[in-house]
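Welcome! Please take a moment to look over the model shown here before reading on.

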Amino acid sequence: MSDEASPLPLHPPVTDWINDFDHTDPKWTENPFPIWNEMREASPVVHTDRFLGCYMPTTYEAVRAIANDTEHFSSRRVLVRDERPEIKNNAAPPITSDPPVHKPAKQLLLPPFTPAAVAKLEPRMRAICNELIDEFIDDGRCDAAARYTKHVPVRTIAHMLGIPEKDGDLFIKWIHAILELGIRNESALLQAVDEMTEYFSAEIERRKTDPSDDLISYLMNAKLPTGAPLEDSHVIGSLRLLLIAGIDTTWSAIGASLWHLATTPEDRRRLAAEPSLMPTAIEELLRAYSPVTMAREVMKETVVSGCPVKPGNMVLLSFPTANRDPVVFPDADRVILDRKENRHAAFGLGIHRCVGSNLARMEMTVAIEEWLKRIPEFRLDPKGEVTWSQGTVRGPRQLPLLF
Amino acid sequence: MPVQLKVHVDPEKCQGHARCKALAPELFELDAYGNAHEAGDGRVPPGLEDKAYLARANCPEFAIEVTEE
């Protein structure tokens with residue numbers, strides 16, 4: 001997706017990563033790890049004048065401090081973009097909420113995503129993975145990003161929501177507009193949000209007369225601590241969040257894991273031969289290739305890791321960068337499949353810990369296990385090109401493999 | 001005498017990452033929201049000491065205490 005010709009104004013190329021960083025720069029998209037190390041060696045918090053002013057913490061300690069400080073850092077804007085559009089109520093609770101509104105909104109969403117709840121989805125997930133693999137295994141090649149890693153979360157979430165799996169293509173289009181085009185193009189973002197709202201309004205209306213046993217009905221029946229049901233706008237906001245947060249991210253994590261295994265034969269063979277390594281391997285792949293970077297808005301002046309931070313700026317809250325901090329993770333740039341101590345922040349830290357983390361772990365585990373069972377030997381297709389998504393969620397969008 | 005260990009989850013710090021439950025299911029339980037607490041009175045049965053320390057070392061919120069009784 002990131003290789004599409006963009007009609008949008010391009011940012012000037014970055015020549016100074018310490019004082020003028022830009023997470024949409026092609027160099028960052030292609031290989032951000034040396035950039036993050038350079039920034040971290042310079043300062044625990046760096047700043048750019050781009051995006052109307054934005055900080056970035058570069059150490060685990062600074063990322064953790066900001067994630068845990070909801071007094072000085074608001075979640076009301078969770079994307080760093082060229083513009084700062086007006087704040088709307090019920091934007092996407094609870095991800096865009098601060099205390100005290102945050103907790104009840106989050107608690108509503110948690111029960112369907114506990115480890116026990118998501119375990120019930122595992123058989124369907126395994127079937128989805130095998131149905132996808134059946135479609136291309138005899139070809140000896142495939143673009144795994146387009147034909148496998150993308151569809152695992154789309155079909156899983158469609159299954160949870162009680163929506164036809166074929167509507168997954170719509171989900172993917174909206175998410176691309178919001179997360180990638182939307183960084184520089186407000187109208188593309190708004191149009192996608194409008195289309196999602198219209199789609200989910202129709203699904204809600206249908207369930208008002210014909211309730212079903214799915215996540216949409218669960219939200220419609222959920223009660224706030226006051227005993228009041230959610231307004232339709234709250235249900236839609238939550239559904240929008242689940243799609244935005246649940247698809248691109250998991251697609252990216254599974255894709256980056258397969259990319260690693262395609263390019264690191266010793267790890268691939270070890271994991272295929274020793275399935276008992278899977279739990280630590282999944283955590284390590286999550287650490288090394290964490291897909292998700294969040295944002296905060298500075299509300300009050302404060303100091304983070306000795307660095308002054310001023311209101312009026314955004315913060316690019318890069319959990320992936322924290323996860324490459326060698327102070328916390330020895331040999332941080334190396335993937336160690338049996339790393340025992342792994343306090344990684346791939347799902348965020350503090351009150352905004354990803355609601356879907358248990359689901360994502362299950363999807364990653366199942367998708368990689370089923371792939372390795374069917375296709376234990378694979379490599380990048382030298383005639384193809386791997387491309388990575390730009391912006392807030394990083395993962396392969398083209399992943400041509402031979403097997 | 002081997003020392004008796006106890007684990008405790010600080011409910012103010014726990015955010016429901018559920019790493020402790022995955023690594024030491026005998027020592028931790030999750031509530032309906034997926035947040036963790038220690039199983040029973042937190043006493044670590046003999047042989048599970050390493051799991052207690054492993055859970056502590058993998059908690060992203062630094063919410064787990066391991067103490068000697």
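This is a predicted model: local features need pLDDT of at least 70, side-chain atom pairs count only at pLDDT 80 or more; totals for chains, interfaces and linings use all residues.

Let's begin with chain A as a whole. Its secondary structure comes to 17 helices and 12 strands. Along its principal axes, the C-alpha trace of chain A spans about 55 × 55 × 45 Å. How does that fit with the number of residues? A compact globule of 403 residues would have a radius of gyration near 22 Å, and chain A has 21 Å, so the two agree. Of these 403 residues, 48% count as buried. The contacts tell us something about how the chain folds back on itself: among those in chain A with a separation of 6 or more, 69% are between residues 24 or more positions apart.

Now let's turn to a sheet. In chain A, five strands form an open sheet, and their order is E1-E2-E8-E5-E3, with mixed pairing. At the edges you will find strand E1 (45-48) and strand E3 (73-74) of chain A, each of which pairs on one side only. In general, the strands of a sheet pair through backbone hydrogen bonds, and they may do so in a parallel or an antiparallel way. Strand E2 (residues 54-57) and strand E8 (residues 314-318) of chain A are a parallel case, joined by two bridges. To find this spot by eye, look for A:Tyr55, which stands opposite A:Val315 in E8(A).

A helix accompanies this sheet. Helix H3 (residues 60-67) of chain A lies across E1, E2, E3, strand E5 (293-298) and E8 of chain A. Relative to E8(A), helix H3 of chain A runs at about 120 degrees.

Further along chain A comes helix H17 (residues 357-374). At 1.5 Å a residue, its 18 residues should span 26 Å, and the end C-alpha atoms are 26 Å apart, so expectation and model agree. Is H17(A) mostly covered or mostly open? It is mostly covered, as 13 of the 18 residues of H17(A) are buried.

Finally, let's see where the two chains meet. Here 16 residues of chain B are in contact with 20 residues of chain A. On the chain B side, helix H1 (19-23) and helix H2 (49-58) each supply at least two residues. Which of the elements gives the most to this side of chain B? That is H2(B), with three residues. The residues of chain B that touch chain A divide into nine nonpolar, five polar and two charged.

Notes
Residues are numbered from 1 along each chain as its sequence is written. Chains are lettered from A and ligands numbered from 1 in the order in which they are written. Helices (H or I, at least four residues) and strands (E, at least two) are DSSP runs, numbered from the N terminus. The radius of gyration is taken over C-alpha atoms; the globule rule is 2.2 Å times the number of residues to the power 0.38. A residue is buried if 20 or more other C-beta atoms lie within 10 Å of its own, exposed if 12 or fewer, and partly exposed in between; C-beta atoms are placed from the backbone. Two residues are in contact if their C-beta atoms, placed from the backbone, lie within 7 Å. Two strands pair if DSSP finds at least two bridges between them. Axes are lines fitted to C-alpha atoms, for helices over the stretch in contact, and angles run from 0 to 180 degrees between N-to-C directions. Ala, Val, Leu, Ile, Met, Phe, Trp, Tyr, Cys and Pro count as nonpolar, Asp, Glu, Lys and Arg as charged, and the others, Gly among them, as polar. The expected span of a helix is 1.5 Å times one less than its number of residues.
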